[in-house]
Amino acid sequence: MKKIILCLLTVLMLTQAPVSALEPGAAKSAFDIKALKTLLALDVIPPAVGTGDFNPDLKFTRGEFAYYAVYFLGLGDTQSNGAVSFSDIPQSHPYFNQIGIAAQNGILSGYQDGAFHPDDPIVYEQCVKILVTALGYGIPAAQKGGYPYGYLAQAENISLTNKLHLALG
């Protein structure tokens, strides 16, 4: 469980935290590059689909975050049964299976119009919702007000986001 938390938090922080070494156009030190290569080599961060590389200059999309969440939860070898479908994700989408697996396991959901928007950048509160739900705290988060503030409160309550002061949206 601790490995899952560590891995997902690593992705969360690399995705959204304003770390100067990871911002577009910022010079990357040899340490930063070595650290990322180490995380890749240890399978903490799987390579991006189709590229075999991790690009810290890009924001994760909602589909990519679903891919990483499924990977970190150890569900990557399973297959989506196709029962969960979003109106904007064709079966040819590179993250179709992972989004389906995550949705079937209650880790994520789409929008009220039936879409998921897999290619939109994921924002901080969406990352937190996925993390809180994956850790089994979705019901208490819903009882605290649901998305986004109930999930943010629950994340703080379980010390998931302590000392992270990131802007919403």
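Within the largest nonpolar core, which has 23 residues, those touching the most other members are Phe86, Ile89, Ile99, Leu108, Phe116, Ile122 and Ile130. At least two residues of this core come from each of helix H3 (62-72), H4 and H5, and H3 gives the most, with 7 residues. Apart from this core lies another, of 10 residues, including Tyr124, Leu131, Leu152 and Leu160. A nonpolar core is here a set of buried Ala, Val, Leu, Ile, Met, Phe, Trp, Tyr and Cys residues joined through side-chain atoms within 4.5 Å. Buried denotes under 20% relative accessible area, exposed over 50%, and partly exposed the range in between (1.4 Å probe, protein chains only). In soluble globular proteins, nonpolar side chains tend to be buried together.

The model is predicted: local features need pLDDT of at least 70 and side-chain atom pairs count only at pLDDT 80 or more, whereas totals for chains, interfaces and linings use all residues. Residues are numbered from 1 along each chain as its sequence is written, and side-chain values use heavy atoms, with hydrogens and water left out.

**Overall architecture**

The protein holds 7 helices and 0 strands. Helices (H or I, at least four residues) and strands (E, at least two) are DSSP runs, numbered from the N terminus. Of its 169 residues, 46% count as buried. Among contacts with a separation of 6 or more, 60% are between residues 24 or more positions apart; contact means heavy atoms within 4.5 Å.

**Core and aromatic residues**

Isoleucine 99 is in contact with Gly63, Ala66, Phe86, Ile89, Leu108, Phe116 and Pro118, leaving aside its neighbours within four places in sequence. The structure has 6 aromatic pairs. Rings of Phe, Tyr and Trp (its six-membered ring) pair if their centres lie within 6.5 Å; planes under 30 degrees apart count as stacked, over 60 as edge-to-face and the rest as tilted. Two of the pairs are set out below.

| Pair | Centre to centre | Angle between planes | Class |
|---|---|---|---|
| Tyrosine 71 and phenylalanine 72 | 5.5 Å | 75 degrees | edge-to-face |
| Phenylalanine 86 and phenylalanine 116 | 5.2 Å | 40 degrees | tilted |

Phenylalanine 86 lies in the loop between H3 and H4 and phenylalanine 116 in the loop between H4 and H5, so this pair ties together parts that are 30 residues apart in sequence. Both phenylalanine 86 and phenylalanine 116 are buried. In the other pair, tyrosine 71 is partly exposed, with a relative accessible area of 29%, while phenylalanine 72 is buried at 8%. Tyr71 and Phe72 also belong to one aromatic cluster with Phe60, Tyr67, Tyr68 and Tyr95.

Helix H5 (124-134) is largely enclosed by the rest of the structure, because 10 of its 11 residues are buried. Lysine 129 is located in this helix. Lysine 129 is buried yet has no salt bridge, the nearest side chain of opposite charge being glutamate 125 at 12 Å. Not counting residues up to four places away in sequence, lysine 129 touches Ser109, Tyr147 and Tyr151. Just after H5, glycine 136 has a positive phi of about 90 degrees.

In helix H7 (residues 149-157), the buried residues are Gly150, Tyr151, Leu152, Gln154 and Ala155. Their cover includes H5 and helix H6 (138-143).

**Loops and backbone geometry**

Aspartate 119 lies in the loop between helix H4 (96-104) and H5 and is exposed, at 53% relative accessibility. Leaving aside neighbours within four places in sequence, aspartate 119 is in contact with Thr61 and His93. The side chains of aspartate 119 and histidine 93 are joined by a polar contact of 3.2 Å. A polar contact is a pair of N or O atoms within 3.5 Å; within protein, one must be able to donate a hydrogen and the other to accept it, and residues adjacent in sequence count only if both atoms are side-chain atoms. The C-alpha atoms of aspartate 119 and arginine 62 are separated by 6.2 Å, although these residues are 57 apart along the chain.

Most residues other than glycine have a negative phi, and most peptide bonds are trans. Histidine 117, although not a glycine, has a positive phi of about 55 degrees; histidine 117 is partly exposed, with a relative accessible area of 28%. Serine 159, likewise not a glycine, has a positive phi of about 65 degrees and lies in the segment after H7. Tyrosine 147 and proline 148 are joined by a cis peptide bond, with omega about -5 degrees, and proline 148 lies in the loop between H6 and H7.

Terms used:
Lys, Arg positive; Asp, Glu negative; His and termini not counted. Salt bridge = Lys/Arg side-chain N within 4 Å of Asp/Glu carboxyl O.
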